Amino acid sequence: MLAETVDFNYRLAHFWDWDLDGSLFSSLFVMLILIVLAVIIFIKVKIGMKKKSYLEKPKGLLHLVEIYFNYIDNLTKDNMGEHNEGWGGYLFGLFAYLFLAFMWGATGFPSVIDWLAAPLCLSVVMFIIIQVTALKYQKFSYFHRYIEPFAIFLPINLVTMWAPIISTTMRLFGNSISGFVLIGIVQWALGNAANMVYGVLFSPSIELTSFVLAPVVSGVLQLYFTLFSGAIQTLVFGSLNAVWISAEIPEPVSPALNDQMRPEVATDVE
């Protein structure tokens, strides 16, 4: 009984001693930032509706949100069609999280996308949404894709169905980790170059001279890989989500085409 009490007290005292990866905390912090922003925007919209300020041109944060919303709305319609504009909410959150996750590395905290679990989870979520959407609209005919063109191709089709997870994961992770490695190599090279140039006169340590040449070039590279490259990768991943999901949704039949397909009915009565 005493041993059980001691064990319980030890677990209770070390309840918050979680040995978690720093990138996981960064990802959770990014999500917390998005939640806080969502609450602030919701409150501003509610206050604006009471004051009827929605009739005026939005300012500040609401203006930026409106620009972002219109961009995602147009992107959804262009990639998925007018009949799938309801998917804009999913892409709205996906773009915001992924872009902010790329930007997070510039803060000096552990990067999110450099952590393989983050792009893998995003790709798995995308894969699940694609398969669920296909089952929803295609019913049992969904399984026919795995035996095309012949039933003997079933093992190959079952293997290739996982290709979107692997390709998108490696795309996000590879582009992010390549920037991290390149910046590290440049910092190391410029630090050694500074040591060779200034070491002749002052003989300082490399830790001091590495601050002479590295910051400018490394800062430009950091800006490129976090801002520009992050925006491109966010756009590519989000667009692939939209295209692959819309590929599983059948096109609606327009009323005009439906009337043409309807058999003609004789109106002349003898």
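**Group meeting talk: aromatics, cores and helix packing**

Hi everyone, let me start with F109, which is exposed, with a relative accessible area of 52%. Before I go on, please keep in mind that this is a predicted model.

So what does F109 do with its ring? F109 pairs with W104, and the two rings are stacked, 5.7 Å centre to centre with 20° between the planes. W104 itself counts as buried, because its relative accessibility is 10% and the cut-off for buried is under 20%. W104 has another partner too: with F29 it makes a tilted pair, 5.3 Å centre to centre and 40° between the planes. F29 counts as partly exposed, at 42% relative accessibility. Put together, F29, W104 and F109 make up one aromatic cluster.

Where do F29 and W104 sit along the chain? F29 belongs to helix 2, residues 22–50, and W104 to helix 4, residues 88–104, so their pair ties together parts that are 75 residues apart in sequence. In total, the structure holds five aromatic pairs.

Let me stay with helix 2 for a moment. Two packed helices are described by the angle between their axes and the distance between the axes. For helix 2 and helix 3, residues 61–80, the angle is about 105° and the axes are 10 Å apart. An angle of 65 to 115 degrees counts as roughly perpendicular, so that is how helix 2 runs relative to helix 3. Which residues meet there? On the helix 2 side we have I40, I41, K44 and V45, and on the helix 3 side L61, L62 and V65. Sorted by class, this contact has six nonpolar residues, no polar ones and one charged residue.

Now to the inside. The largest nonpolar core has 25 residues, and L91, L98, V112, I113, L122, L172 and F237 are those with the most contacts inside it. At least two residues of this core come from each of helix 3, helix 4, helix 5 and helix 8. Which helix gives the largest share? That is helix 4, with nine residues.

Let's zoom in on L172. Setting aside neighbours within four places in sequence, L172 is in contact with L98, F102, I113, P119, L122, Q233 and F237. There is also a second, separate core of six residues, and F127, A134, M161 and I165 are among them.

Back to L98, one of the residues with the most contacts inside the largest core. The C-alpha atoms of L98 and A231 are separated by 8.8 Å, while the two residues are 133 apart along the chain. A231 has its place in helix 8, residues 206–246, and counts as partly exposed at 33% relative accessibility.

One last stop, for those of you who like backbone torsions. Most residues other than glycine have a negative phi. K139 is not a glycine, and yet its phi is positive, at about 55°. Where is K139? It lies in the loop between helix 5, 117–138, and helix 6, 154–160. Is K139 buried or exposed? K139 is exposed, because its relative accessible area is 52% and the cut-off for exposed is over 50%.

Methods. Residues numbered from 1 in each chain as written. Predicted model: local features only at pLDDT ≥ 70, side-chain atom pairs only at ≥ 80, totals over all residues. Heavy atoms only, no water. Helix = DSSP H or I, 4+ residues; strand = E, 2+ residues; numbered from the N terminus. Buried < 20%, exposed > 50% of the residue type's maximum accessible area, 1.4 Å probe, protein only. Phe/Tyr/Trp six-rings, centres within 6.5 Å; stacked < 30°, edge-to-face > 60°. Axes fitted to C-alpha atoms, helices over the stretch in contact; angles between N-to-C directions. Parallel < 35°, antiparallel > 145°, perpendicular 65-115°, else oblique. Contact = heavy atoms within 4.5 Å. Nonpolar A, V, L, I, M, F, W, Y, C, P; charged D, E, K, R; others polar. Core = buried A, V, L, I, M, F, W, Y, C linked by side-chain atoms within 4.5 Å.
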